[in-house]
Amino acid sequence: LLAAPAEFVQHPQSISRPVGTTAIFTCVAQGEPPPQITWLRNGQILETSDHIKLKNNNSTLSISGINQADEAIYQCLAENSAGSTQASARLTVLWAEGLPGPPQAVRAQTLSATSIQVSWEEPLQNTKEIIGYVLHIRKAADPVEMEYQEAVSKSTFQQLVTDLEPSTSYSFYIKAYTSRGASKASEVTVVSTLGEVPAMPSLFIKVINSTAVQATWEPSVKLGQHQGFKLYYRKVHLSQYTGPVLLPSNATAYNITQLDASVVYEVRLLAYNQHGDGNSTVRFVSLRETVERTVLNPPCDCMKDEQNNKTSTTGIIIGIHIGVTCIIFCVLFLMFGYRGRLLMCKNVQEQLSTPQTGRSQRSSTSLVLNGAARRDRDERDLNGKQLDMNELERLFPASPSQEQQDKGTQSAPSPSCPHDATQISTLPLDEFSIIEEQAEPLPKSPQLGSSAAPAPDHGPTNEG
């Protein structure tokens, strides 16, 4: 970075001020690096004092309560590593012959924690040209530039200063003003305001149970300086309080126990300090309503009720899931059961409609046919036909297991299918032909009734 020598942005200006007033010089400079400012008085480094102050990084020079000794040339020196520069201004103190002297017998009397009465007497000489007085006020611990003024008419020799802070020291002095300038300042008087008792605290009462309440309050800076709190309470029908209960300044609550639920109580709270007790705040509380509400509406175990509600909700959800699962299984069971029933009926239909059967089925069918042939031959025997039963039994032997199977087949109920049950006894033509071919030829006999014996040569055709 390039260095830049110091140069002034604002030069100090020469001014003229009456005695007792304030003179202000301003000097602003810039450069790189930023320059430092030094003030000189008549070529000598200026020393600060109670009425000579430097502010804003030495850029402002303030001279309060000027007098003849303050009249001089004031120089502002700005310098950095790249160079320096300076500017000067003159202060002229106006002093006219015949100005009034300083006011006399200045007194300050403390009236309260926030007010002070200041009084004085007129100067000893040159009082005819006085147009008024100016009272200068400041906290004793503050710098001179923090003072402020109040104007007073020329016929008034006292002023009530208000809005002050409690337990604080203030300094006062007075000047008499004319059209040509101000007089010298009077003697300075210092006095302190009275201490202030704390303000009223805000009080709240909370019922804990039928025999206890809690007093609470908010700490606030509005209370002022206080050492602590005093708490009182009593039954309203009694004149004597219980207390005071002394509490520290940082306390914000206190529990009052062992109370009688049948009466109304008065609770009183105040803050205090070394100057005395502040005003108290009063609250009334009744525990009877609390007892009645407790009897009528017993307290509930909210956590337990909440857990019960959660348990009930969980049980309902589980029940719904179980119910939905059962419904789904029932629907699947019905669907697969109906499908299996259709498949079974289909298998039965295929077995009935298929001409080729297994060997066991042929045997059963042959037994049925043997039975039918024997019935026909019995009828022919009744009509005079001669039939050798031993020969037929020898040609068509029937095993006991096959007879049992025939009986089981005839006695077993048919499945619930759309086919007629009589179709089970339908015989394939090839089986019938084989059996008749093995039988011996029978002599032709006359017909009896509506039944006729089949011809040996055309058995298959007639039987069909």
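**A proline in a loop**

Mentor: Pro-35 sits in the loop between strand E4 (28-32) and strand E5 (36-41); helices (H or I, at least four residues) and strands (E, at least two) are DSSP runs, numbered from the N terminus. This is a predicted model, where local features need pLDDT of at least 70, side-chain atom pairs count only at pLDDT 80 or more, and totals for chains, interfaces and linings use all residues. Residues are numbered from 1 along each chain as its sequence is written, and side-chain values use heavy atoms, with hydrogens and water left out.

Trainee: Is Pro-35 buried or exposed?

Mentor: Buried means under 20% relative accessible area, exposed over 50%, and partly exposed in between (1.4 Å probe, protein chains only). Pro-35 has 17% relative accessibility, so it counts as buried.

Trainee: Which residues is Pro-35 in contact with, leaving aside its neighbours within four places in sequence?

Mentor: Contact means heavy atoms within 4.5 Å. With those neighbours set aside, Pro-35 is in contact with Ala-6, Ala-29, Gln-30, Ala-78, Glu-79 and Asn-80.

Trainee: Which residue in E10 stands opposite Ile-15?

Mentor: E2 and E10 (residues 83-94) run parallel, joined by 4 bridges. Opposite Ile-15 stands Leu-91.

Conventions:
Two strands pair if DSSP finds at least two bridges between them.
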